[in-house]
Amino acid sequence: MSQASPPPILSVAPTRALMDEAIRVRVDNLPPGAPVTLRCLHHSEDKDYWEAYGHYISDPTGAVSVADDVSVGGTYRGKEIMGLLWSMRPVPGSRTGLRLRKRNVCTPMLFTISVYGGHVSHDFSSRRPLAEELTERWYMAPGVRRLELKDRGVRGTLFIPSGPGPFPGLLDMWGGGGGLLEYRSALLASHGYVSLALEYFAPGELASTDLELKYFEAAFELIKQHPAVVADKVGIFGLSLGGIVAIHMTAESTVVKPACCICISGSHLYLRNQPLWNIHQPMLESGRKVHMDEEQNVIWRDISLPISSDLSRKTDVRRINCPLLLVIGQDDQNHPAAQYAEDMERMMRSVGKEHLLTRLEYPDAGHLIEPPYSPHFRATNFMWDYKKAKVTMLWGGQTKCHSDAQEDSWKKMLAFLRQHLYSPHLPKARM
Amino acid sequence: MWRQQRSVHLSVRPSRGLVDEKVAILVQSAPPGARITLCAFHRCEDRHGWEAFAHYLTDAAGSLNVSRDPSLGGTYSGVEQMGLFWSIRPVPGSHPGLRLRKKNVQTPMEFTISVYQDHFTDFTDQVPLASQTVERWYMAPGVLRTPIKDHELTATLFLPTGPGPFPAILDLWGGGGQLVEYRAALLASHGFATLALDYMTPKITVETGKMVDNTYFERAFTFLQQHPGVLAERVAMLGLSFGVCVTLKMAAYSHVVKPRCAVCISGSHVQPVDGTMADILSYFDRNGHKIQLNDENQAILRNLLLPIPTDPAFKVDVGRVQCPLLVVAGEDDQNWPAAESAQDMKEMMERAGNAHLLTVLSYPNAGHLLEPPYSPHTRASSFRSVGSREKITALWGGHCAAHSLAQEDAWKKTLDFLRHHLYS
């Protein structure tokens, strides 16, 4: 019998986590001072491979602890507890312009975490790992219920938290890419909110969609009237175009009165008396404002500038009567959210309502501010009109800063929701 | 009533964990200084209800943190992060003599953690303010479970994730028999290829009526050694109760079984040395008159082996053991004289000069059934030993809080011991 030596001990805890939970990764039983590589691999639903890796050196006891030690190379550097997740990107040789988004939220994302001897940066598949662990990451907590909805013309998926309820509710809207993405709503339900992931146009059909505010108001009412929902504790949550819709509904709907509103990478841009798709009309009018960078990525940020001074082209945020949280990446290359936020604050201050507004602005964060530990997508394939060619859209952001922004903003968004949808109304001091 | 005015926010993290992982329970958005009750409920595979509860007061911010705040009463008291798990017991009105043991390790145990307004102890017809489902697993993702079909063994092998090869453990339960997998699944989740072995009621005994002899264990041990996923020189034995009889006999006398280290929980070295399993069971039968019944008609079996014999024919010569030995004993064990046996083993090994191999963990007020941490404490339950024909209520002993602490500490030290001797 061969005298094989025992492998290092790789441990990942918890082994099954929610997507916004941190994990502790450690390796024991290495030789002291040994260079090793920790790698995280994911095989997506779209059949692409995503990876992240860090280069470590074991301590005198032969241990590596990702929470305590420093990565000296790889897709992330420094002491980064969750670097193996947020720094993931498609493996070399993959298709370009990819974005990682889970479609089926009823199953977990599986990640294989491996230890390799030495500092490895490529050709992982041709090497044998020393040890490996599988970890599951879920968007849905146990007991959360998922209901497909097609009611009164509203299309979407409703997620209901476990427990007797009733619960506060959220209308959850994504942006100009269209389709039905459920994962953020599933995660919000896992935090105690009945959340409706709303589909408001099919991918590539924004230009041809005939969509009015009535559709979104009907969706909001559906949530409000649901037996599991506390009717006066329903908020609106939107990113990008979804954020633009959220702000408009919050300020100007005569039908819906949200208890609070979160807008990520969006603004009070709005073209009155026009269908929703005309948001992009300025782009058609002033094609010269669409830029491209050296890599042929399309930059849309300037098409919405300058900010109009008249109300025909923006939502009247002076009419907002509930708390509003803005989350903004200062390196947003798709939408000038930071500049619009300045204008919003100016407008709200003019009527003494600036106390309702909270702005979270993150340097070097881009447009796609997703739940924490999601990889950063600086530029991805995007189709806004199926009649036209796909482009590669520049979203912006530098990976490390963008990931920090995702982590920080998510925590603050959850605290904001808990404060306004769970606690009783407390009178706030006027500053 | 403040219920109608607000919703209380409950968070239990992680919502999916291994059974030996801790959870953090947080209640927020309740009124400050409010009386609340936390309750855990589990419906086991046999459909019995199990519950635990604790009374708390929220702080000035209307929050409760179970890791920080004391329970003022209930099935546990004081600051106990995992109290809602280890203090569960059958709901009032349940069948007496129940024991909680997971049979299917490929699915999780589901617990419902709930918050109720006010302090009370009866939950019938009460509606909680909030509740959350939590999954507790014996098997980590990626662990491979393989029922063993040949080699004439009744066993299940659990292999950790990864390329291996791994150190291994032969895992033995006690006199109740059956193929019990959960501890083996958990050990595999910690990096050990583990074989759960049924030796009391294996297929071969059921078919022939004959108990297995010592070659059965040698075959099981060799099977592990020869498995391609196993490091042949790093195979340990872990036994509880009757499983300790087997473990010590093999470690001391077998020419085939040479464990790298051994863990003996709640057992004894007292047995007819030259005997097979059937002989050991007869030895217990002959001492049957020493069984006592307490006021509740629960059987105390510990005296079957007391006093510890001086005749070397009736105790394993632990002076012959050549591998590190971890002995775990509950001092309130009413089923086996584990603490007295541990003491006698220590004296024997000191005389023989191999006491440096021995570590004894002896826990005051802990009973016989020292299970993985956060498992409920069973002080007495229905039991039918393979040796006897009748069903009794066996008194296992132990007092809940102390027993639970012992389980938590012993498990940690057992894992450290196994890692140290099998991985280093």
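G93(B) counts as exposed, at a relative accessibility of 82% (exposed is over 50% relative accessible area, buried under 20%, partly exposed in between; 1.4 Å probe, protein chains only). The model is predicted, so local features need pLDDT of at least 70 and side-chain atom pairs count only at pLDDT 80 or more, while totals for chains, interfaces and linings use all residues. Residues are numbered from 1 along each chain as its sequence is written, chains are lettered from A and ligands numbered from 1 in the order in which they are written, and side-chain values use heavy atoms, with hydrogens and water left out.

G93(B) is placed in the loop between strand 7 (89–90) and strand 8 (109–117) of chain B. Helices (H or I, at least four residues) and strands (E, at least two) are DSSP runs, numbered from the N terminus. The C-alpha atom of G93(B) is separated by 9.8 Å from that of G49(B), and the two residues are 44 residues apart along the chain. F284(B) counts as buried, with 12% relative accessibility. When residues up to four places away in sequence are not counted, F284(B) touches F242(B), L304(B), L305(B) and W336(B), where contact means heavy atoms within 4.5 Å. Between the C-alpha atoms of F284(B) and E152(B) the separation is 27 Å, for residues 132 apart along the chain.

In chain A, H367(A) is found in the loop between strand 19 (357–362) and strand 20 (379–382). The relative accessible area of H367(A) is 1%, and the residue is therefore buried. Apart from residues up to four places away in sequence, H367(A) touches L239(A), S240(A), S265(A), D332(A), N334(A), H335(A), W395(A) and H402(A).

Helix 2 (residues 183–190) of chain A is largely enclosed by the rest of the structure, because eight of its eight residues are buried. These buried residues are Y183(A), R184(A), S185(A), A186(A), L187(A), L188(A), A189(A) and S190(A).

Helix 3 (residues 213–224) and helix 4 (residues 241–252) of chain A pack with their axes 11 Å apart, at an angle of about 80°. Axes are lines fitted to C-alpha atoms, for helices over the stretch in contact, and angles run from 0 to 180 degrees between N-to-C directions. Helix 3 and helix 4 of chain A are therefore roughly perpendicular to each other (65 to 115 degrees; under 35 is roughly parallel, over 145 roughly antiparallel, and the rest oblique). To this contact helix 3 of chain A contributes L213(A), F216(A), E217(A) and F220(A), and helix 4 of chain A contributes V245(A), H248(A) and M249(A). The contact residues divide into five nonpolar, one polar and one charged (nonpolar: Ala, Val, Leu, Ile, Met, Phe, Trp, Tyr, Cys and Pro; charged: Asp, Glu, Lys and Arg; polar: the others, Gly among them).

At the interface, 43 residues of chain A are in contact with 42 residues of chain B. Chain A and chain B bury about 3400 Å² between them, and 56% of this lies on carbon and sulfur atoms; buried area is the accessible area (1.4 Å probe) that two parts lose on being put together, summed over both. On the chain A side, R16(A), P142(A) and Y422(A) lose the most area to chain B, together 21% of what that side buries. One salt bridge is found across the interface of chain A and chain B, a salt bridge being a side-chain nitrogen of Lys or Arg within 4 Å of a carboxyl oxygen of Asp or Glu. E21(A) and R13(B) form a salt bridge in which the closest N and O atoms are 3.4 Å apart.

Over all chains, the structure holds 47 salt bridges. One of them joins R26(A) and D28(A), with the closest N and O atoms 2.8 Å apart. R26(A) is partly exposed at 33% relative accessibility, and D28(A) is partly exposed at 23%. E45(A) forms a salt bridge with K102(A), at 3.2 Å between the closest N and O atoms. E45(A) lies in the loop between strand 4 (35–43) and strand 5 (49–57) of chain A and K102(A) in the loop between strand 7 (89–90) and strand 8 (109–117) of chain A, so this pair ties together parts that are 57 residues apart in sequence. E45(A) is partly exposed, with a relative accessible area of 33%, whereas K102(A) counts as buried at 6% relative accessibility.

In helix 6 (residues 337–350) of chain A, R349(A) and E345(A) are four residues apart, about one turn of the helix. The side chains of R349(A) and E345(A) meet in a salt bridge at 2.7 Å, N to O. R349(A) counts as partly exposed, at 45% relative accessibility. A network of salt bridges links E342(A), E345(A), R349(A), R359(A) and E361(A).
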